[in-house]
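Welcome! Please take a moment to look over the sequence and the 3D structure before reading on.

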Amino acid sequence: MDRLDEIFAMQKGLAEMMNLDRYPKDSEGRVSALATAIMHEAVELQRTTNWKWWKKPTPFSIDDAKEELIDIWHFVVQASLELNLTPDDIVSEYRKKNEINRNRQKNGY
């Protein structure tokens, strides 16, 4: 099992343990809820940084930032599962989009 397969398996196991009474019943609602969770976790990640130029900086905690980033990963992987993406699909789609982004950079995007 490769690392991404392992992450997907762990996420499936976690999802099976959760009380999903309040989780949306339809796929669109679940993806929307997960997108909202990803955005909120991204804000929590941002809050670990000194982005407020008007405020006295505090020491940056890489450990706190890593924890928030992994929270994002949990929701991204769950959204991938909701969309029936396999780890192989993720790599394939990433390659396609990476090529598009590289072409954009080469062509002055």
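Here is a short briefing on the helices, charged pairs, aromatic rings and surface of this structure.

Keep in mind that this is a predicted model. A search of the whole structure finds 2 salt bridges, and the structure also holds 2 aromatic pairs. The points below take these features topic by topic.

**Salt bridges**

- Another salt bridge is formed by the side chains of K96 and E93, at 3.3 Å from N to O.
- K96 and E93 are 3 residues apart in helix α4, so about one helical turn separates them.
- K96 is partly exposed, with a relative accessible area of 48%, and E93 is partly exposed as well, with 42%.

**Helix α4 and what follows**

- Helix α4 runs over residues 87–106, which makes 20 residues.
- From its first C-alpha to its last, α4 reaches 28 Å, close to the 28 Å expected at 1.5 Å a residue.
- After α4 comes G108, which has a positive phi, near 75 degrees.
- Which residue lies over the face of Y109? R104 does, at 4.7 Å from the ring centre.

**The tryptophan cluster**

- W51, W53 and W54 form one aromatic cluster.
- The structure's aromatic pairs number 2. In the pair of W51 and W54, the ring centres are 5.7 Å apart and the planes meet at 85 degrees, so the pair is edge-to-face.
- In the pair of W53 and W54, the ring centres are 4.7 Å apart and the planes are at 90 degrees, so this pair is edge-to-face. The reasoning rests on a cut-off: planes over 60 degrees apart count as edge-to-face.
- W54 is exposed, with a relative accessible area of 54%, and W53 counts as exposed at 73%. Both are labelled this way because exposed means over 50%.

- I7, M10, L69, I70 and W73 make a nonpolar surface patch of about 460 Å².
- The elements that give two or more residues to the patch are α1 (3–17) and α3 (62–82).
- Which helix gives the most to this patch? Helix α3 does, with 3 residues.
- I70, one of the patch residues, is found in helix α3. With a relative accessible area of 45%, I70 is partly exposed.

**A look at helix α2**

- Helix α2 spans residues 27–47, and A35 lies in it.
- A35 counts as partly exposed, at 34% relative accessibility.
- How far apart are A35 and F8? In sequence they are 27 residues apart, and in space they are 18 Å apart, C-alpha to C-alpha.

How values were computed: Residues numbered from 1 in each chain as written. Predicted model: local features only at pLDDT ≥ 70, side-chain atom pairs only at ≥ 80, totals over all residues. Heavy atoms only, no water. Helix = DSSP H or I, 4+ residues; strand = E, 2+ residues; numbered from the N terminus. Expected span 1.5 Å × (residues − 1). Phe/Tyr/Trp six-rings, centres within 6.5 Å; stacked < 30°, edge-to-face > 60°. Buried < 20%, exposed > 50% of the residue type's maximum accessible area, 1.4 Å probe, protein only. Lys NZ or Arg CZ within 6 Å of the ring centre and 35° of its normal. Patch = residues over 30% accessible without salt bridge, like charges linked within 9 Å, V, L, I, M, F, W, Y side chains within 5 Å. Areas by Shrake-Rupley, 256 points an atom, 1.4 Å probe, with all protein chains shown as cover. Salt bridge = Lys/Arg side-chain N within 4 Å of Asp/Glu carboxyl O.
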